[in-house]
Amino acid sequence: MSDVSRRDLGLGLGALGLGTLAAPALAQSAATGTPASAGAFPPGFKWGCATASYQIEGAVHEDGRGPTNWDVFSHTPGKVANGDTGDVATDSYHRYKEDHQLLQAMGAKTYRMSLAWSRIFPEGRGQPNQKGVDHYKRVVDDLLANGITPYITLFHWDLPQALPGGWQNRDTAKAYADYAGYMAGQLSDRVHNFMTVNELRCFTDISYREGRHAPGLKLADGPANQVRHHGVLAHGLGVQAIRAKAKAGTQVGIADNTNFYVPVIETPEHIEAAKRAVRRENAMFLTAIMEGRYMDEYLRDEGANAPKVEAGDMAAIGSPLDFVAINVYAPSYIRAEPKNKDGYAILPHLPSSPHMASPWLFVGPEVGYWSVRTVSELWKPKTLYVSENGCSADDPMVDGRVDDSDRVMYLRNLLTHFQRATREGYPLKGYFLWSLLDNFEWADGYGKRFGVHYVDFATQKRTPKLSAAWYAELIRKNALV
């Protein structure tokens, strides 16, 4: 990073008052031989940021890209706040080199990004679009040139519109596997970590059961459960296709927004209730993937509405993973309740419950620890990553600065609990902050800002927030102070 570009980015940490505060303490620790920080993360812990193609790329009509479900949905009146669309987003299709410099300025060594399926197969399948393939090769090469390791998510909700029936159609899972295998074959000479899909619950339930995301349907339980099955089947077939097409040593996982539960009191009965709830409440998603079967209780409760499963489906869905990545934002609290059939009660969020700018984003930092611990104890994955964690905030710009101390508070508190998990030996190996940039926040449009860099959507100027400087210091020390 040149001095000029660092000045332009505004990330000279001294300018934000954070550049040298801890240096004497660190020097004293080195001299005395005592630990530099009680909040240290393991050596080699991977720090990065995350984004998604439709939320940042724009350029929706360029270089052969086909339309997606989100192009159609966002252009449908009343579906997205303020009529916002991803047509331009943060223009990262053209500005990706600038964005990579933001990562480098913070010292981030990893970057989780997604590919736009319809840039590769405009019709969802068929003949690949070489311009799309070449674009992503250039993006990856620039990351590597900057010393940043890419983690590629192959599907982050932007489904090619041309696929008939979307996720209601079983063939979409097969088309996804073909695309995933093809791109793994194209990129695995330089990309060694792939995540199949992002947040099953969002592109199935929220999209086809609740109608809040593209395509905006409200299906009955039976058809909605079949959509869920096609989602996990796509993941499983994708794992198999990646392994078949990628170079040896390629690591494959998933990024899932598992429902996590915090025991309201840290006693054995409430801890057991939390574990039971994570397994049961995610029976149709991560539980099925990690166990290769649907729980009997799930099938019993769904009855005639249970998904139709064909021979070989569950073997594919349960394909072994090299890592599990979890998106962690807000908890639900839980207590043991022997009178309930599943042995637990999920406590409601009360009107007084604190939350960030997004009404759903309740503040409960303990979810950092319990998410990692519960997944580890239930399914014993080899490696865990936090593939997303972050928050929306109001982010007013005053005199060219965004002092988002509320975001720093949220992140510091969550990371304290992730650090507890690593201290206790759970296999958490890396963390991807959501998000590098303010971007198109799905049905909320541009009204909810999650980035550690402020984006002026009229000019596309990026400005580091206070949280970017805070994160850079955390990365530099590999420790919370």
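## Charges over aromatic rings

In this predicted model, the charged end of Arg-420 is placed over the ring of Tyr-369, at 3.6 Å from its centre. Such a charge sits over a ring if NZ of Lys or CZ of Arg is within 6 Å of the ring centre and within 35 degrees of the ring normal. Arg-449 likewise lies over the face of Tyr-454, 4.0 Å from the ring centre.

## Basis of the values

The model is predicted: local features need pLDDT of at least 70, side-chain atom pairs count only at pLDDT 80 or more, and totals for chains, interfaces and linings use all residues. Residues are numbered from 1 along each chain as its sequence is written, and side-chain values use heavy atoms, with hydrogens and water left out.

## Aromatic pairs

Rings of Phe, Tyr and Trp (its six-membered ring) pair if their centres lie within 6.5 Å; planes under 30 degrees apart count as stacked, over 60 as edge-to-face and the rest as tilted. The count by this rule is 35 aromatic pairs. One of them is the tilted pair of Tyr-54 and Trp-70, with 6.4 Å centre to centre and 40° between the planes. Because Tyr-54 belongs to helix H3 (residues 53-56) and Trp-70 to helix H4 (residues 69-74), this pair ties together parts that are 16 residues apart in sequence. Helices (H or I, at least four residues) and strands (E, at least two) are DSSP runs, numbered from the N terminus.

## A cluster of rings

Tyr-54 and Trp-70 also belong to a cluster linked by ring pairs, together with Phe-73, Trp-157, Phe-440, Trp-442, Tyr-446 and Phe-457.
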